[in-house]
Structures are given as C-alpha cells and as structure tokens.
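Trainee: I have a new structure to look at and would like to talk it through. Can you put it up?
Mentor: Here it is.

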Amino acid sequence: MFRILCQPALQDILVLNITRAVQLSVDIGSHVISDTEQSAPQTMSNVFVVLEEIGAISSQIYDPMKKAAGFRNIAVHQYEANDWNIIYAVCEQSVTGFGHFAR
C-alpha cells in the first residue's frame, strides 16, 4: 500500500473510484426509497439513514456507507487536504461496506 500512497495518479484513481461507488450506492438507495412512501432524502448521507429506517439495510451496513458518503463530500469538495492514511483506511472499510450494500 505504501507505493499507492506515494503515487499521485494512483491516489486520484482511488478517490475517483470511491466517489463513484458512493454515487452509485446513493442512486440505488434513492431508487429503493422511491418505491416507498418516504420523502426523498435531501443529502447523500440521509439516503442511508432512510434505508436503515425502512429496514432495507442493517445498522452494520449503514455506518460504513454513511461514512463513505461523508468522505466523498470531503474528497469532491476538498474541504481539507487529503490525508492518504485516512483514504487508505476508507478504502479498506469501503470495499467490505460496498459489497454488503450491494447484497
């Protein structure tokens, strides 16, 4: 993993793919919610809140997905300088989280 942390192109690929995965998950979640009587969530993170409330995802899936959505906002809007150790940790956690969400 150290090589990835030292190569800006690979760092950009990681961030881009995480943001894509979050967006796709939000889109899927929004579609699921649209089939219910729930009002449309106003934020990406709230999509996962509603999905947990309606029982579409467990609390074990909710937490990493909400964190991934928060990370996506930081990465896309560059609220702060990227800490590649945090990005690495998000990648490790997100791989499992996205897999569980997809199931």
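Trainee: Let's start with F98. Buried or exposed?
Mentor: F98 counts as buried, because its relative accessibility is 16% and the cut-off for buried is under 20%. Keep in mind that this is a predicted model.

Trainee: Where is F98 found?
Mentor: In helix α5.

Trainee: And what does F98 touch?
Mentor: Leaving out residues up to four places away in sequence, F98 touches I18, A21, V22, S25, M65 and A68.

Trainee: How much of the chain is buried?
Mentor: Of the 103 residues, 30% are buried. The accessible surface of the chain is about 6,600 Å², and carbon and sulfur atoms account for 54% of that.

Trainee: What about the nonpolar core, which residues have the most contacts inside it?
Mentor: The largest nonpolar core has 23 residues, and those with the most contacts inside it are V22, F48, L51, I57, F71 and F101. Two or more residues each come from α2 (8-34), α3, α4 and α5 (84-102). The element that gives the most is α4, with 7 residues.

Trainee: You listed F48. What does F48 touch?
Mentor: Not counting residues up to four places away in sequence, F48 touches S25, V26, I57, Y62, M65, K66, A69 and F101. F48 is one of the buried residues of α3, along with M44, S45, V47, V50 and L51.

Trainee: What comes after α3?
Mentor: G55 follows α3 and has a positive phi, near 80°. I54 is in the loop between α3 (44-53) and α4 (59-77).

Trainee: Now α4. How many residues has it, and how far does it reach?
Mentor: α4 has 19 residues and reaches 27 Å from its first C-alpha to its last, close to the 27 Å expected at 1.5 Å a residue. Just after α4, Q78 has a positive phi of about 50°.

Trainee: Which residues in α4 are buried?
Mentor: I61, Y62, M65, A68, A69, F71, R72 and A75.

Trainee: Why are D63 and K67 separated by about one helical turn?
Mentor: Because D63 and K67 are 4 residues apart in helix α4.

Trainee: And how accessible is D63?
Mentor: D63 has 37% relative accessibility, so it counts as partly exposed.

Trainee: Last one: what share of contacts join residues at least 24 apart?
Mentor: Among contacts between residues at least 6 apart in sequence, 51% join residues at least 24 apart.

Key
Residues are numbered from 1 along each chain as its sequence is written. This is a predicted model: local features need pLDDT of at least 70, side-chain atom pairs count only at pLDDT 80 or more; totals for chains, interfaces and linings use all residues. Side-chain values use heavy atoms; hydrogens and water are left out. Buried means under 20% relative accessible area, exposed over 50%, partly exposed in between (1.4 Å probe, protein chains only). The expected span of a helix is 1.5 Å times one less than its number of residues. A nonpolar core is a set of buried Ala, Val, Leu, Ile, Met, Phe, Trp, Tyr and Cys residues joined through side-chain atoms within 4.5 Å. Contact means heavy atoms within 4.5 Å. Accessible areas come from the Shrake-Rupley method with a 1.4 Å probe; for residues, only the protein chains shown count as cover.
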